[in-house]
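Start with the sequence and the model.

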Amino acid sequence: MTFTQRLKHCLTGVTVTMLLAVSCSANCQTTLPLASDLALDAIESGRTGAPLIVMFSLPGCPHCEVVRRSHLLPLLRDQTALPRPIVRQIDITSALSLRDFDGSKITHAEFAARQKIKLAPVVMFFGRSGEMLAKPLVGSMIPDFYGAYLDAALTEARTKLVP
């Protein structure tokens, strides 16, 4: 293979890699949607029969990142999970505005305090009226079993949403 052929081959590989990276940045979600209107999310939960999953997190929290990337983001991407759950994130230290289930305007930190959240990560499952549908998942637990705990809680939440 000549130098020109090797260079062309190398550039083709680089081009494919760059295209994949651009494609992923446009289509691959790497963060969870921040909660902004839980009342609207609860209405959607009631309409679709999908539980509202809320992850309470802290910026820079490595355990939060594991739960987010290894469990909740794949759940959001799963096209076969029907009804697809609604997943939102609350930063327990943030002054970001949020509409609570009752329609009141509060901050992420105030909502976390109302839920008695003091550490992160915590994953909670809510229904159409803001009611708790399953026991919260507190901490990152035993990593090898977290997926099973999440599946069990999600199944319980879905069961309680069925009319």
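## Salt bridges and a loop contact site

At 33% relative accessibility, glutamate 156 is partly exposed; that class lies between buried (under 20% relative accessible area) and exposed (over 50%), using a 1.4 Å probe and protein chains only. Lysine 160 is also classed as partly exposed, at 47%. These two residues form a salt bridge, with 3.0 Å between the closest N and O atoms. A salt bridge here is a side-chain nitrogen of Lys or Arg within 4 Å of a carboxyl oxygen of Asp or Glu. Lysine 160 and glutamate 156 sit four residues apart in helix α5 (residues 143-161), so about one helical turn separates them. Helices (H or I, at least four residues) and strands (E, at least two) are DSSP runs, numbered from the N terminus.

The model is predicted: local features need pLDDT of at least 70, side-chain atom pairs count only at pLDDT 80 or more, and totals for chains, interfaces and linings use all residues. Residues are numbered from 1 along each chain as its sequence is written, and side-chain values use heavy atoms, with hydrogens and water left out.

How many salt bridges does a search of the whole structure find? It finds seven.

| Pair | N to O distance |
|---|---|
| arginine 88 – aspartate 41 | 3.1 Å |
| arginine 114 – aspartate 100 | 2.4 Å |
| lysine 160 – glutamate 156 | 3.0 Å |

Take the salt bridge between arginine 88 and aspartate 41. Arginine 88 belongs to strand β2 (residues 86-91) and aspartate 41 to helix α2 (residues 38-48), so the pair ties together parts 47 residues apart in sequence. Both arginine 88 and aspartate 41 are buried.

Next come arginine 114 and aspartate 100, whose side chains meet in a salt bridge. This pair links distant parts of the chain, 14 residues apart. Arginine 114 is in helix α4 (residues 108-114), while aspartate 100 is in the loop between β3 (97-99) and β4 (105-107). Buried or partly exposed: which class does aspartate 100 fall in? Aspartate 100 counts as buried, at 6% relative accessibility. Arginine 114, at 42%, counts as partly exposed.

Now the loop residue. Leucine 34 lies between α1 (3-27) and α2, in the loop. Its relative accessible area is 44%, so leucine 34 is partly exposed. Neighbours within four places in sequence aside, leucine 34 is in contact (heavy atoms within 4.5 Å) with Arg88, Gln89, Leu96 and His108. Leucine 34 and aspartate 91 are 57 residues apart in sequence, yet their C-alpha atoms are 8.1 Å apart in space.
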